[in-house]
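Please look over the model below before reading the note. The points are numbered so that each can be checked by itself.

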Amino acid sequence: MMQTHSDILDAIRMHGAEAYPEECCGFLLGRITEHGNYVGAAMSVENRRETSREQRFSISAEDFHRADLAAREQGWDIVGFYHSHPDHPARPSATDLAEATFPGYTYAIVSVCGGDAEQITAWSLRPDRSRFESEPIEIISEIFVTP
Amino acid sequence: MKTSEYTRTPIHIPAPLRSYTGGRSTIEVKGGSVGEALEDLTHQFPALKQHLFDEEGILRLFVNIYLNDEDIRYLRHTSTELSAEDELSIVPSIAGGCPGNPTIF
């Protein structure tokens, strides 16, 4: 389960709309808890793809390393990533599956239709890497995990 | 200062992989090179191996190892020697995207 706050989801939607018609991407910062992945902050990052940016995104290792150090300084971990699907549903694609990283991260996807950000969904990679499974998003108002 | 195989180097573990390291975010590994350090890591925590290496024992494409602030691919890869005060990090690169043709929905 992904637990987060409504303003974090709003920030992801806004980034998706701003980047349209290209894909946006970013990090989900928080903590892995007994309830799932708590996301206390979202951090945008540059889509490093040089071509097909309307259909592809890429986050470099260098950007991950820098974000990881910044997150650690604030007491957070990187617990997942988000990206947008311009004019496509918020479901993982075959590309998302083929290029997925470690199981245990939350992969949030926002669909952006004609420039308007719509649904956000969350997914986790099965431990055997065979497919993504839907992860419920619980919106909480209380900040019960602090960095 | 060069390290010996008995000197330990801290390696930072990404959050989702800590379920394989008893919840620990940093593990001390021994070895004089990055390759030896990774071997010691997977010796200590065998379940990590499938996530870091493919079936042929090669680091998965999305798995990058950083020695301090440098990707070992730009150094001497797993042969890169370790010195005292060095730190290692497991760093994933991430990619993906939507299917090829726009969908009307």
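1. Conventions. This is a predicted model, in which local features need pLDDT of at least 70, side-chain atom pairs count only at pLDDT 80 or more, and totals for chains, interfaces and linings use all residues. Residues are numbered from 1 along each chain as its sequence is written, while chains are lettered from A and ligands numbered from 1 in the order in which they are written.

2. Make-up of chain B. Chain B has 2 helices and 6 strands, where helices (H or I, at least four residues) and strands (E, at least two) are DSSP runs numbered from the N terminus. Along the sequence the pattern is β-β-α-α-β-β-β-β. Of the 105 residues in chain B, 31% are buried (20 or more other C-beta atoms within 10 Å of a residue's own; exposed means 12 or fewer, partly exposed in between, with C-beta atoms placed from the backbone). For contacts in chain B with a separation of 6 or more, 56% are between residues 24 or more positions apart; a contact requires C-beta atoms, placed from the backbone, to lie within 7 Å.

3. The sheet of chain B. An open sheet of 5 strands runs in the order β2-β1-β5-β3-β4 (chain B), with mixed pairing; two strands pair if DSSP finds at least two bridges between them. The edges are β2 and β4 (70-71) of chain B, each with a single partner strand, so one side of each lacks a neighbour in the sheet.

4. Pairing within that sheet. Strand β1 (residues 8-12) of chain B is joined to β2(B) by 5 bridges, antiparallel, and T9(B) stands opposite V29(B) in β2(B). β1(B) is also joined to strand β5 (residues 88-92) of chain B by 2 bridges, here parallel; the bridge partner of H12(B) in β5(B) is S89(B).

5. What covers the sheet? Helix α1 (residues 34-44) of chain B lies across β1, β2, β3 and β5 of chain B, at about 120 degrees to β2(B) (axes are lines fitted to C-alpha atoms, for helices over the stretch in contact, and angles run from 0 to 180 degrees between N-to-C directions). In strand β2 (residues 26-30) of chain B, I27(B) and V29(B) form the covered face, and T26(B), E28(B) and K30(B) the uncovered one.

6. Contact between the chains. 30 residues of chain A are in contact with 24 residues of chain B. On chain A, β4 (57-59), α2 (61-73), β5 (77-86) and α3 (94-98) each supply at least two residues of the side that touches chain B. β5(A) gives the most, with 7 residues. By class, this side of chain A has 13 nonpolar, 11 polar and 6 charged residues (Ala, Val, Leu, Ile, Met, Phe, Trp, Tyr, Cys and Pro count as nonpolar, Asp, Glu, Lys and Arg as charged, and the others, Gly among them, as polar).

7. Pairing across the chains. β4(A) and strand β6 (residues 94-96) of chain B pair in the antiparallel sense over 3 bridges. In this pairing, S58(A) stands opposite A95(B) in β6(B).

8. Helix α1 of chain A. I8(A), L9(A), I12(A), R13(A), H15(A), G16(A) and A19(A) are buried in α1(A). Seen down the axis, the buried residues fall within an arc of 160 degrees, so they line one face of the helix; the arc is that of the directions from the helix axis to the C-beta atoms. S6(A) and D7(A), on the other side of α1(A), are exposed.

Conventions: Two residues are in contact if their C-beta atoms, placed from the backbone, lie within 7 Å.
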